[in-house]
Amino acid sequence: MLPPGKIAVLLVLVCIMASPDEVIGKNPICTKKQREKILEICDHFIQPGYPVRLVSRDSPCCAAVREVRDRDMECVIMQLTEQEKEKYSVEKIRALHRLCELPPPPPNHHQQKETVLDDCKKFIKHGNQRLKPIPIMGQPCCNAVNKVPKKGTNIDMQCIFNLLTDEEKNHNDVSKILNLPNHC
């Protein structure tokens with residue numbers, strides 16, 4: 001009978017030998033099947049030389065790339081045979097990591113509305129004030145306003161206005177809210 005330590009080592013070796021398609025190490029695991037799928041579906045984009053063809057994030061190629069954990073193309077590259085390294089551009093395969101990244105989720109407009117209303121409350125409340133306070137760049141109010149998404153080149157305060165409840169519209173001067181970007 002083998003000692004427990006040698007049994008554990010033997011068991012690990014058997015597991016590694018039973019899964020030769022996986023690359024194990026510093027990089028996340030990717031499979032031979034994933035590599036083959038990327039080479040097949042992305043063939044048009046990873047040919048060496050010119051023309052350089054850009055891949056769309058919505059393409060089947062990028063969908064295949066995102067199946068690899070962390071879009072780790074180094075893992076795929078490590079599995080390439082010498083023949084595949086001649087047939088495909090390693091640099092273009094590596095670029096798929098960046099090109100197939102999904103954009104960040106859209107900002108939470110409700111949270112932005114709350115931040116603008118809270119940080120700008122002294123600038124947007126109703127009433128004729130003798131001293132009209134104006135927000136200044138760098139203040140929390142302007143910081144909140146500058147994080148509101150843009151429509152073209154302008155800050156889209158209309159998206160904040162559209163989220164206001166009737167109570168918030170009664171409590172705040174809507175024209176002052178819409179005018180905030182002119183001060184920030």
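Begin by selecting C62 and C100, which form a disulfide with their sulfur atoms 2.1 Å apart; a disulfide here is a pair of cysteine sulfur atoms within 2.5 Å. The torsion about this S-S bond is about -70°, so the disulfide is left-handed. C62 lies in helix α3 and C100 in the loop between α6 (90-99) and α7, so the pair ties together parts 38 residues apart in sequence. Helices here are DSSP runs (H or I, at least four residues), numbered from the N terminus. Both cysteines, C62 and C100, are buried, a word that stands for under 20% relative accessible area, with exposed over 50% and partly exposed in between (1.4 Å probe, protein chains only).

The model is predicted: local features need pLDDT of at least 70, side-chain atom pairs count only at pLDDT 80 or more, and totals for chains, interfaces and linings use all residues. Residues are numbered from 1 along each chain as its sequence is written, and side-chain values use heavy atoms, leaving out hydrogens and water.

Next, select C42, in the loop between α2 (32-41) and α3 (60-66). C42 counts as buried because its relative accessibility is 0%. A disulfide joins C42 to C61, S to S 2.0 Å, and with 110° about the S-S bond this link is right-handed. The pair connects distant parts of the chain, 19 residues apart, with C61 in helix α3. Leaving aside residues up to four places away in sequence, C42 touches K37, C61, V65 and L96, where contact means heavy atoms within 4.5 Å.

Stay in the loop between α2 and α3 and pick L54. At 70% relative accessibility, L54 counts as exposed.

Move on to C142 and C184, joined by a disulfide (S to S 2.1 Å). With -75° about the S-S bond, the link of C142 and C184 is left-handed. C142 lies in helix α9 and C184 in the segment after α12, so the pair ties together parts 42 residues apart in sequence. To see every such link, colour the cysteines: a search of the whole structure finds 5 disulfides.

Last, show helix α7 (residues 109-119), where Q112, K113, V116 and L117 are buried. They cover an arc of only 130° around the axis, which puts them on the same side of α7; the arc is that of the directions from the helix axis to the C-beta atoms. Among the elements covering these buried residues are α8 (121-124), α9 (140-146) and α12 (174-183).

Notes. Helix = DSSP H or I, 4+ residues; strand = E, 2+ residues; numbered from the N terminus.
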